[in-house]
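Below is a briefing on one protein model, for use alongside its sequence and coordinates.

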Amino acid sequence: MTTAPTDLLIDRPSIEDGAALWRIAKESGTLDLNSSYSYLLWCRDFAATSAVARVGGGEPVGFVTGYVRPEDPRTLLVWQVAVDTRHRGRGLAAALLDGLTARLAAERPIVTTVETTITPGNTASERLFASYAARHDATLSREELFGAGLFPDGPHDPEVLYRIGPLSR
């Protein structure tokens, strides 16, 4: 992994960033694309538990969306992580995850665990979260959360839950 740019800013998303997040997700080629409306809502309602990467202070070039689980306020569920194709291979996804969880550690010290789901074969995401666990000296466990047969809209790979924690401070 190469080093993130020195002019990288990890920031909270604003409503105005919603369109850029939708575009990055659409162009990712791997994410389940949500409606553009949902990205606007995400930037409004979950900005405190999400982050955008800006190079040179401009438009977002990457993002991580997440929320604190209502039934387990110690856990941040990472919904999506994506980096614009022109900025991949520079360590931005790792910087986003580290930046978001560092902010949450300061604002919500109760959050000690990160969860995400990954479809089998998504090697980039598997590596991203395994390296995150290693950097934070945390245990990583995996188990199937949603089997393929639970998805009503046609063929879908199962979603494997990655649980990382407790995070070192």
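The structure, a predicted model, holds 13 salt bridges, each defined as a side-chain nitrogen of Lys or Arg within 4 Å of a carboxyl oxygen of Asp or Glu. Residues are numbered from 1 along each chain as its sequence is written. Local features need pLDDT of at least 70 and side-chain atom pairs count only at pLDDT 80 or more, while totals for chains, interfaces and linings use all residues; side-chain values use heavy atoms, with hydrogens and water left out.

**Salt bridges**

- Arg 163 pairs with Glu 115, with the closest N and O atoms 2.3 Å apart. This pair links distant parts of the chain, strand β7 and strand β5, 48 residues apart; helices (H or I, at least four residues) and strands (E, at least two) are DSSP runs, numbered from the N terminus.
- Glu 115 is buried at 6% relative accessible area, whereas Arg 163 is partly exposed at 26% (buried is under 20%, exposed over 50%, partly exposed in between; 1.4 Å probe, protein chains only).
- Asp 98 and Arg 135 form a salt bridge with closest N and O atoms 3.0 Å apart. The two residues sit in helix α3 and helix α4, 37 residues apart.
- Arg 23 bridges to Glu 27, also at 3.0 Å between the closest N and O atoms. Both lie in helix α1 (residues 18–28), about one turn apart.
- Arg 23 and Glu 27 belong to a salt-bridge network with Glu 59, Asp 84 and Arg 86.

**Nonpolar cores**

- The largest nonpolar core has 30 residues, and Val 64, Val 78, Val 81, Leu 97, Phe 129 and Ile 164 touch the most other members. A core is a set of buried Ala, Val, Leu, Ile, Met, Phe, Trp, Tyr and Cys residues joined through side-chain atoms within 4.5 Å.
- Helix α3 gives the largest share of this core, 8 residues.
- Apart from this core lies another of 8 residues, including Leu 21, Ile 24, Tyr 39 and Val 52.

**Backbone**

- Gly 165 and Pro 166 are joined by a cis peptide bond, with omega about -5°. Pro 166 is placed in the segment after β7.
- Asp 137 is not a glycine, yet has a positive phi of about 50°. Asp 137 lies in the loop between α4 and β6 and is exposed, at 65% relative accessibility.

**Confidence**

- Mean pLDDT (the predictor's confidence in each residue, from 0 to 100) is 93 for the protein chain, and 96% of its residues reach 70 or more.
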